[in-house]
Amino acid sequence: MSQARIGIPAITLTPGVASAQGSRWRTYTDIEPSVTVMIPQLPHRLLVVGAAAIETSELVQLIADLPADLPSPVVVAIHSLSRSQSATAMRLLTEQAKLRCAFASDGEPIESGRVYVAPPERHLIVERERLRVVFGPTENRHRPALDPLFRTAAQAYGASAIGVLLCGLAGEMSDGLFGLYHLGERGGIVVVPRRPGDSEPEGLNHASLFQRITVHHAPTRAELPPLLTRLATNVEGVTS
């Protein structure tokens, strides 16, 4: 029996459009300034971040390094956290981040300058102007899961979404991969950090899937926050 999926119907994966600039693998220094937006009249981009519990400290540091005037709202899901671990993560975020951080509430409007975190044991779902927080079945054995967050962000924001998977593409973790792929297929910006020991992108475990879309690689973890800030604030040349 196939596992239930949250937010939108199951997605059939189809090949995306290859980059006209040659290599599908990009780094911080060669990102085009113009992006075609599939969904018109969105006031901002949406930054979507997925992480595993083991990456909580990296997530906290990433959010802490984002500027206070970041125009994009940020939505975050961390899977495999206990309630006490979630509370600790939220305390660290509120202490260290320049942006306002809080657990998301069901029906809450999406506003710039905010960081919305999936509460423990709840999926975080993105709609056009609000967030949904739902119990629902587990997906990929997790609740919250990363795939529903990426998948619904792709559905609601299209090319205005920026998806970040902190584990990169080299790990064994499957949660988040297909949702992130769907975000890229719909024209969203896919960003993954290079982890220590990563080789050429073509050698990564999931390269065969992600060769179909453009993936931006932050050369180092320290360069991830400025890369995301650049992408979030770059609205010149955006069309509807």
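Helices here are DSSP runs of H or I with at least four residues, strands are runs of E with at least two, and both are numbered from the N terminus. The model on screen is predicted, so local features need pLDDT of at least 70 and side-chain atom pairs count only at pLDDT 80 or more, while totals for chains, interfaces and linings use all residues. Residues are numbered from 1 along each chain as its sequence is written, and side-chain values use heavy atoms, with hydrogens and water left out.

**The whole chain**

The mean pLDDT is 77, and 69% of the residues reach 70 or more. Residues 1-41, if you select them next, have pLDDT below 50, yet this stretch has 111 contacts in the model beyond near neighbours in sequence, a contact being heavy atoms within 4.5 Å. At residues 236-240 the pLDDT likewise stays under 50, and the model has 12 contacts for them beyond four places in sequence.

With a cartoon display, the secondary structure comes to 6 helices and 10 strands. Of the 240 residues, 51% count as buried, where buried means under 20% relative accessible area, exposed means over 50%, and partly exposed lies in between, all with a 1.4 Å probe and protein chains only. Among contacts between residues at least 6 apart in sequence, 74% join residues at least 24 apart.

**Helices α1 and α2**

Select residues 56-64 for α1 and residues 83-96 for α2. Two packed helices are described by the angle between their axes and the distance between the axes. Here the angle is about 25° and the axes of α1 and α2 are 9 Å apart; axes are lines fitted to C-alpha atoms, for helices over the stretch in contact, and angles run from 0 to 180 degrees between N-to-C directions. That makes α1 roughly parallel to α2, given that angles under 35 degrees count as roughly parallel, over 145 as roughly antiparallel, 65 to 115 as roughly perpendicular and the rest as oblique.

The crossing of α1 past α2 is right-handed; a crossing has this hand if the near helix is turned clockwise from the far one by less than a right angle, and is left-handed if anticlockwise. To see the contact itself, show T56, V60, I63 and A64 in α1 together with A89, L92, L93 and Q96 in α2. These residues divide into 6 nonpolar, 2 polar and no charged, with Ala, Val, Leu, Ile, Met, Phe, Trp, Tyr, Cys and Pro counted as nonpolar, Asp, Glu, Lys and Arg as charged, and the others, Gly among them, as polar.

Keeping α1 selected, pick out its buried residues, which are T56, L59, V60, L62, I63 and A64. They pack against β2 (46-52), β3, α2, β4 (100-103), β5 (114-117) and α6 (224-233).

Most residues other than glycine have a negative phi, and most peptide bonds are trans. Move to S80, in the loop between β3 (74-79) and α2, where phi is positive at about 75° although the residue is not a glycine. S80 counts as partly exposed, at 47% relative accessibility.

Go on to the loop between β7 and α3, where R141 is placed. R141 has a positive phi near 70° and is not a glycine, and its relative accessible area of 75% makes it exposed. P144 is found in the loop between β7 (131-134) and α3 (146-157) as well, and the peptide bond from R143 to P144 is cis, with omega near 10°.

**Helices α3 and α4**

Now select α3 and α4, whose axes are 7 Å apart at an angle of about 15°. The two helices are therefore roughly parallel to each other, and α3 passes α4 in a left-handed crossing. From α3 the contact uses D147, F150, R151, A153, A154 and Q155, and from α4 it uses L177, F178, G179, L180, H182 and L183. By class, these residues divide into 7 nonpolar, 3 polar and 2 charged.

How many of the 9 residues of α4 (residues 177-185) are buried? The count is 8, so α4 is largely enclosed by the rest of the structure. The buried residues are L177, G179, L180, Y181, H182, L183, G184 and E185. After α4 comes G187, with a positive phi near 95°.

For a last stop, select S160, in the loop between α3 and β8 (161-165), which is buried with a relative accessible area of 5%. The C-alpha atoms of S160 and R186 are separated by 9.6 Å, while the two residues are 26 apart along the chain.

Notes
pLDDT = per-residue confidence, 0-100.
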